[in-house]
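This briefing sets out selected features of the structure shown below.

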Amino acid sequence: MPRIRLEGIVKNFGDIKAANDLNLDIQDGEYLCLLGPTGAGKTTALRLISGLTKPDKGRIFFGDKPMNEVEPEDRKAVMLSQTYALFPQLTVAENILFGPDIKDLSEHDKEKTLNEMLEMVRLRKRPDAYPRELSGGMQQRTALARALASGAEVLLLDEPLRALDARLRISLRHELRDLAKSLGLTTLHVTHDQEEALVMADRIAVIRQGSIIQVGTPAEVFDNPASPFVANFVGQSNFFVGDVIQKREATEVQDDSGHSVLARPGGCKIGDRVVVAVKVGNTEISKEGEGFFEGTVERVLFEGRNLHVDLNVPNIGRYSSKIPSWRLGKLMPGDVVKIKWSADKARVFPMPEKGLVEELKVE
Amino acid sequence: MPQVELRNITMRFGKVVAADEVDLIIADGEYVTILGPSGCGKTTLIRIIAGILEPTQGEVLIGGKNMKGVPIEERDLGYVFQNIALFPHFTVQRNVTYGPMVKDRGKDEQRQTAQKYLELVKLLDKMQMFPSELCGGEQQKASLARALATDAKLLLLDEPLSALDARVRVDLRYELRRIVKRLGLTAVHVTHDQEEAMSVSDRIVVMRAGGIVESGTPQQLYTRPKDIFTSNFVGETNLLEGWVKERAEGRSVIELRDESTIVVEQCDFDEGDAVVVSVRPEFVFPFTDGLLSKIEYFTYMGTYWRVTAEAQSEDMVEFDVPAAEGKLYHPGQEIYLMINRKAAVVFPRPKEGIAEAVKLE
């Protein structure tokens, strides 16, 4: 299956820069999630690869072959949208055999392809069902079977789980990934759901305003975000703004009211104005012991595995923390707690040019 | 004050029974979420409360008054739709003052009301904009402000966050609860998202196939679900099939298919009964002894790794290890898994089979 490369792609729709020097490299057989907020250019990237949209500038390769001039139907790339686009008046079997490459096959070969596909997507018992008689998960598998029956090598998934219930979405994640991986397809999966990307991707590419801002494994993107935006978009973060006052085994940052915190060493100098980001799940709170500063518990929400605690920190603002739910009842609104984190869980960034609020916008 | 009471509500659409003799009381000031998969009847129920649908049978009481024949605009409630329903040619401010205006409130009062609620949803600086100039989360906040501006004490939220991006949804759900609680409203919120339900609710009502499965606080449903469907729907869980081998106060033994055993604290069934043990991934841990299992794969969840293993009993078991300890394990490795006996919940083995009993669609 082909490796896919996008080089310096520019695509404008009027004033909107849907692709703004977009570079992306998807390996042969890789499952890559393109993650970003609404309007970041995710769907445009998919359509550029499928050939449905032509770039204003830049080049697209499948393997070593330039694709800019290749028609969509000759790319062996298939796009699966949020709504699956099955023909409502055709059965599962008829939908699967609808693809252009299949019509010319002999009856025997058609039968064989159909059986292989039904087996693969676990629909052997339902070839005669109509789409409306199927569950959401089955409809999705039918659409996938149709795509694969037409010999696709590249799978382009546009928020494939969005139309499903939240709980079902979680249980279908592994199924969809395993299917794509077992067939060795090169897959680009577009999503706005960071947890979905973490769970499904070999690598995640974070996109914003038409450009890729970070590519890495789920662990790299979560633990080593490239910007405050990524830190907050992939798992919520707390932020601390101040000046670097010391650099030793950890970086010490102090704010205008005299609080100071520790973070991992980073590329900044003493005196620099910086932003420290730490994930809410790595923000520790306790009534006793030491802390960088104190906050007042505003509320405690039970979320199952974790408690979500909102804190009000004087002069700094609102912080959140996720702690194991066995601590329920040990923290009450109004309690004053110490807030801290281990230095290696916090990352330092230069102060964004347009300010932190603008940097963190998720829409 | 608005207590909402549903008495024996049934709703039929042709052959489909969307609500089947539902009884439910929502207390004044309570934030209740109706949670269930697509097609369970949750939207029908909230529409019946609103008066958009007239039930086939049964009664709706709001604040003790029977609502039969009372149209939506006279039920004194605010309603927020999934698909943001703002007037596109009105500014945000005019959208919010619409309710007070049709109620013939004075100009000053209209302005003050809009001001108050737009401030609450943090949209004061955008009140002169048109809906199309706002992003999705802001549009939904404006819809909320408009629903609140009716000054109704009952707020109905029909999948209010479903149309938004995942990240925006998370921020907004905390806001939603904060606002409802600050204003002391009674809220009924419909959703299929169990995480959202847990974050916003005082109480969750789990629905399936037109009926109520059970209701309880988020903590009750997560830690002590009464029904096997709830155990799987509200949070993820491991379901292990077996029989009660020994029953004793505070320490019962369940035998699994390969004759391995697990100990649970609470078991309400007799020796020999077929049961299913539900235990959440965070309450399973590697130990020197326990269920012999083979690790299949790992998933990075940010602050922890979720590990999927197959036990010798052929049950799939998921468990969590801290992010820093991920390196200690690898696929193919054989380990022993122990179950926190206090966290295990025992259900009777469903006649229709586990898969059918917990089916999500």
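In this predicted model, five strands of chain B form an open sheet in the order S13-S12-S11-S14-S20, with antiparallel pairing. The edges of that sheet are strand S13 (261–264) and strand S20 (345–348) of chain B, each of which pairs on one side only. From one strand to the next, the twist averages 45°.

- Strands of a sheet pair through backbone hydrogen bonds, either parallel or antiparallel.
- Strand S11 (residues 238–246) and strand S14 (residues 274–279) of chain B run antiparallel and are joined by six bridges.
- Within this pair, Glu241(B) stands opposite Val276(B) of S14(B).
- S11(B) is also joined to S12(B), by four bridges and again in the antiparallel sense.
- Trp243(B) has Glu255(B) of S12(B) as its bridge partner.
- S11(B) and S12(B) form a hairpin with five residues between them. In the turn, Gly250(B) has a positive phi of about 75°.
- Strand S12 (residues 252–256) of chain B pairs in turn with S13(B), through four bridges in the antiparallel sense.
- Glu255(B) has Thr261(B) of S13(B) as its bridge partner.

**Domains of the two chains**

- Chain B is divided into domain 1 (4–228) and domain 2 (236–350).
- The C-alpha centres of these two domains of chain B lie 39 Å apart.
- For chain A, the domain assignment gives domain 1 (4–228) and domain 2 (236–351).
- In chain A, the C-alpha centres of domain 1 and domain 2 lie 38 Å apart.

**Helix packing in chain B**

- Two packed helices are described by the angle between their axes and the distance between the axes.
- Helix H2 (residues 92–102) and helix H3 (residues 107–120) of chain B have axes that come within 9 Å and cross at roughly 125°. H2(B) and H3(B) are therefore oblique to each other.
- The crossing of H2(B) and H3(B) is right-handed. To this contact H2(B) gives Gln93(B), Val96(B), Thr97(B), Pro100(B) and Met101(B), while H3(B) gives Glu109(B), Gln110(B), Thr113(B), Ala114(B), Tyr117(B) and Leu118(B).
- By class, the residues of the contact of H2(B) with H3(B) are six nonpolar, four polar and one charged.
- H2(B) also packs with H4(B), at an angle of about 30° and with the axes 7 Å apart. Because this angle is under 35 degrees, H2(B) is roughly parallel to H4(B).
- The crossing of H2(B) and H4(B) is right-handed. Here the contact is made by Val92(B), Asn95(B), Val96(B), Tyr98(B) and Gly99(B) of H2(B) with Ala142(B), Ala145(B) and Arg146(B) of H4(B).
- The contact of H2(B) with H4(B) has five nonpolar residues, two polar residues and one charged residue.
- Val96(B) of H2(B) takes part in the contact with H3(B) and in the contact with H4(B).

**Helix packing in chain A**

- The axes of helix H3 (residues 107–120) and helix H4 (residues 136–149) of chain A come within 10 Å and cross at roughly 140°. H3(A) and H4(A) are therefore oblique to each other.
- The crossing of H3(A) and H4(A) is right-handed. In this contact, Thr113(A), Met117(A), Leu118(A) and Met120(A) of H3(A) meet Ala145(A), Leu148(A) and Ala149(A) of H4(A).
- The contact of H3(A) with H4(A) has six nonpolar residues, one polar residue and no charged residues.

**Contact between the chains**

- In the contact between the chains, 30 residues of chain B touch 34 residues of chain A.
- On the side of chain B that touches chain A, two or more residues each come from helix H4 (136–148), helix H5 (166–183), helix H6 (194–200), helix H7 (218–223) and strand S16 (291–300) of chain B.
- The residues on that side of chain B comprise 12 nonpolar, 11 polar and seven charged.
- H4(B) gives residues to the side that touches chain A and also packs with H2(B).

Key: Residues are numbered from 1 along each chain as its sequence is written. Chains are lettered from A and ligands numbered from 1 in the order in which they are written. This is a predicted model: local features need pLDDT of at least 70, side-chain atom pairs count only at pLDDT 80 or more; totals for chains, interfaces and linings use all residues. Two residues are in contact if their C-beta atoms, placed from the backbone, lie within 7 Å. Ala, Val, Leu, Ile, Met, Phe, Trp, Tyr, Cys and Pro count as nonpolar, Asp, Glu, Lys and Arg as charged, and the others, Gly among them, as polar. Two strands pair if DSSP finds at least two bridges between them. Axes are lines fitted to C-alpha atoms, for helices over the stretch in contact, and angles run from 0 to 180 degrees between N-to-C directions. Domain bounds come from an automatic or database domain assignment. Angles under 35 degrees count as roughly parallel, over 145 as roughly antiparallel, 65 to 115 as roughly perpendicular and the rest as oblique. A crossing is left-handed if the near helix is turned anticlockwise from the far one by less than a right angle, and right-handed if clockwise.
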